[in-house]
Amino acid sequence: MSPEVKPDFLISPEGLRIDGRRPDELRPIELKVGVLKQANGSASIRQGKTYIIAGVYGPRELHPRHLTINDRAYLRVVYRMATFSVPDRKRPAPSRREREISMVIANSLKPALFLEEYPKAVVDVFIQVIQADGGTRCAAINAASLALADAGIPMRCLVPAVAVGKADGKLLVDLGDEEDKYGQGDVPMAILPTTDEITLLQQDGFFKREELVEAMQMGINSCKYLHELQKDALKRVYAKKPSDGEDEEYEDDLETDLGDAEIAGDE
Amino acid sequence: MAVYFQKREVVVPGQLLAEGRYRTSDGTYDEGGKIYSSLMGLAELKGNTVRVVALDGTYIPKEGDLVIGTIKIVAGNNWKIDIGGPYGASLHANNALRRPYSDDISEYMDIGDVVSAEISAFDRQSGPFLSMRERGLEVLEGGMILEVSPAKIPRIIGRSGSMINMINDHLRIDSVVGQNGRIWIKSPDVARVRLAIKAFRMIETQAHTSNLTDRISKMLAEEVAKLVDSEPSEEPRTEIKTVDEEEPALAPETEVSEVIEPKPEVEPKAESEPQPEAADEIEEVVEDKPEPEVSTDGKNESDDKPETEEVNK
């Protein structure tokens, strides 16, 4: 992966991409929930060679205090790339690009969260890119929304995200690094699958109007598929634990339990 | 008019739960007459109310909750108390002491003291306020504090306190369970504390499974039996154990020369250095210093008296 050479073609004569995918095919994706012990919620995503870990802390007390918002929680997203995540060593100081992507990710997650339930508090989302191979901001959103759900933050729905791009005049879903670098454009997008709202839509490069519309449609379809993967990943965490003896008397009836909890104090 | 989940199904945020004349409750939201989950948790239908019981989450205060907090600041006639979660609580001296009290309220409770208290008020505008007026709310002396996920506390208490009472009875320990995910444990010896921690951790990881009380009870009964066995006559028991288990692994001479050393069991009276695995669990050890006159509710210095009644009734 050292000296970069521009590939001769991004789309082979057979119509396949550089890594053998069809234009509307995602890279193999592996989602894991609960990968960090210390975080309140965490998730990792492996999408092709891209590997990202997201950790969520909170809701907790916000410092510095002047950032507090009185009617809802502050969502603080920090996206960082490891120095070894790209072929040339990334300088460890936070870069302009990292700050921008942090903001973009925060903006795309915010509409999904019920932050008003925790006034004055903060929800911290830390995203660490371990290995970057294109599509990191979208992969980061996928992982971050899983981590938020794992942390028990109330949310409207999970947020799947994917990038659609153009290379050699063809629209492609989920760009790899080379397609991103040598292609003609890139449209990252994130949606709320329950309502089909779009929470992230960026574009670089040139697209005709029809192309953009088609690209967005491809993106939405891929996001729907990703959403299924996300749901599976979340449910898997609890599915593998033994839940024997059907439901006979599952004595934890929260309503009663919460009422009874008080006896611990008074009486 | 339909329900789209099974009883106690694990649901994820955004999952459609019901449609039609159903009402939302904790962990759900309504959008265009459809009810969706807003949490990852177990879905439940009660009457026509849909709710999702969270599997995780930080502590959000609720009026009437019993909590365990640590005093962080003494400010005038208020104590600022850390109760975990995003919101710090405050306790006014009027709600903790009997009048008249001295101007310097740190005489009664000082920074670092651990107290059990009740949330007397909390809303979006003003942070949680505590009260120690109820019976049984007091400074907790001695013992240790174990932190668990607040979402699992109802399970740890069990229906009408069945779970916690069972644990207290088995181990003969004192404990106070705060809704904020802190459990105060006081026990005569370290071995029982370890067992208690083991039990609580087990509940935490298996909270979403059924028949938990029985399993915990069985586990504790076995462990306590082992403990009691080894207590009166350690020597013979140890020898049997060493022969049973260590013989294939150890060279014969080791076995003869040192029988006691490789014993895997924890001695009940080994109070001294904390074992590494235990140190990991113990978040905070409450200092065992005598507090002169903390009379929150007329019960002074109840160190030697069993305090289980707080929890038991």
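Two strands pair, in what follows, if DSSP finds at least two bridges between them. Helices (H or I, at least four residues) and strands (E, at least two) are DSSP runs, numbered from the N terminus.

This is a predicted model, where local features need pLDDT of at least 70, side-chain atom pairs count only at pLDDT 80 or more, and totals for chains, interfaces and linings use all residues. Residues are numbered from 1 along each chain as its sequence is written, with chains lettered from A and ligands numbered from 1 in the order in which they are written.

Chain A, briefly. Chain A has five helices and 10 strands. Of its 267 residues, 44% count as buried, meaning that 20 or more other C-beta atoms, placed from the backbone, lie within 10 Å of the residue's own.

Now chain B, starting with strand 8, residues 66-75. Strand 8 of chain B pairs in the antiparallel sense with strand 11 (residues 114-121), over five bridges; B:Gly69 has B:Val115 as its bridge partner there. Strand 8 of chain B also pairs with strand 9 (residues 78-82), again antiparallel and over five bridges, and B:Ile73 stands opposite B:Lys80. The hairpin of strands 8 and 9 of chain B has two residues between the strands, and B:Gly76 takes a positive phi near 60°.

Last, helix 3 of chain B, residues 190-205. Its 16 residues reach 23 Å from first C-alpha to last, close to the expected 22 Å, which is 1.5 Å times one less than the number of residues. Its buried residues include B:Val193, B:Leu195, B:Phe200 and B:Ile203. Among the elements covering the buried residues of helix 3 of chain B are strand 15 (182-186) and helix 4 (212-230), with contact taken as C-beta atoms, placed from the backbone, within 7 Å.

Key
A residue is buried if 20 or more other C-beta atoms lie within 10 Å of its own, exposed if 12 or fewer, and partly exposed in between; C-beta atoms are placed from the backbone. Two residues are in contact if their C-beta atoms, placed from the backbone, lie within 7 Å.
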